[in-house]
Amino acid sequence: MIRVHRLRGEPLFVNADFIEAIESTPDTVITLLDGRRLVVADPPEDIVAAIRRFRASVLQAVEQLRDAPLSGLALVADEEEE
C-alpha cells in the first residue's frame, strides 16, 4: 500500500498492485485496474517514487525472512517422524 493525498489533503492508501496508469491532467489521476479513477494532490513522480519504495521494502522483507533463523518452527513432517 502507498499513501497519497486527496485534493483536500486527507491521506488515502492505495494498493500499488491495482494501479494501471497515473496521469497529470493537470490534476493527478490514478486509474485502477477496475477502471475507477482517483484524483489526488500528489504529483505523478512522487507516486512512482512511493511505489518503488514500497516494492523495495517488500523485497527487503523477503530477504530478511529468508535469512532469519527458523528457531521454534518445525515442519509437520519433522513432528511426525519423532
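1. Glu23 is partly exposed, at 30% relative accessibility; in this note, buried stands for under 20% relative accessible area, exposed for over 50%, and partly exposed for values in between (1.4 Å probe, protein chains only). The bridge partner of Glu23 in strand S4 is Val29. Glu23 also forms a salt bridge with Arg37, with the closest N and O atoms 3.3 Å apart. Arg37 lies in strand S5 and Glu23 in strand S3, so this pair ties together parts that are 14 residues apart in sequence. Arg37 itself counts as exposed, at 55% relative accessibility.

2. The model is predicted: local features need a pLDDT of at least 70, side-chain atom pairs count only at pLDDT 80 or more, and totals for chains, interfaces and linings use all residues. Residues are numbered from 1 along each chain as its sequence is written, and side-chain values use heavy atoms, with hydrogens and water left out.

3. On confidence, the protein chain has an average pLDDT of 89, and 84% of the residues score at least 70; pLDDT is the predictor's confidence in each residue, from 0 to 100. The pLDDT falls below 50 over residues 78-82, a stretch that has 1 contact in the model beyond near neighbours in sequence. A contact here means heavy atoms within 4.5 Å. Where pLDDT is low, the predicted coordinates should not be read in detail.

4. The sheet is open and consists of 3 strands in the order S3-S4-S5, with antiparallel pairing. Its edge strands are S3 (19-24) and S5 (37-40), each of which pairs on one side only. Neighbouring strands are turned by 20° against each other on average, direction ignored. S3 and S4 (residues 28-32) pair in the antiparallel sense over 5 bridges. Strands are DSSP runs of E, at least two residues, and helices are runs of H or I, at least four residues, numbered from the N terminus; two strands pair if DSSP finds at least two bridges between them.

5. Helix H1 (residues 44-67) lies across S3, S4 and S5 and runs at about 150° to S3. Axes are lines fitted to C-alpha atoms, for helices over the stretch in contact, and angles run from 0 to 180 degrees between N-to-C directions.

6. The whole structure contains 4 salt bridges, each defined as a side-chain nitrogen of Lys or Arg within 4 Å of a carboxyl oxygen of Asp or Glu. One of them joins Asp17 to Arg55, with the closest N and O atoms 2.9 Å apart. Because Asp17 lies in the loop between strand S2 (11-14) and S3, and Arg55 in helix H1, the pair ties together parts that are 38 residues apart in sequence. Asp17 is partly exposed at 44% relative accessibility, and Arg55 is partly exposed with a relative accessible area of 38%.

7. Another salt bridge links Arg36 and Asp34, the closest N and O atoms being 2.8 Å apart. Arg36 is exposed, with a relative accessible area of 53%, and Asp34 is exposed, with a relative accessible area of 53%.

8. Within strand S4 lies Thr31, which counts as buried at 11% relative accessibility. Leaving aside residues up to four places away in sequence, Thr31 touches Phe18, Ile19, Glu20, Ala21, Glu23, Arg36 and Arg37.

9. One backbone feature deserves mention. The peptide bond from Thr25 to Pro26 is cis, with omega near -5°, and Pro26 is placed in the loop between S3 and S4. Most peptide bonds are trans.
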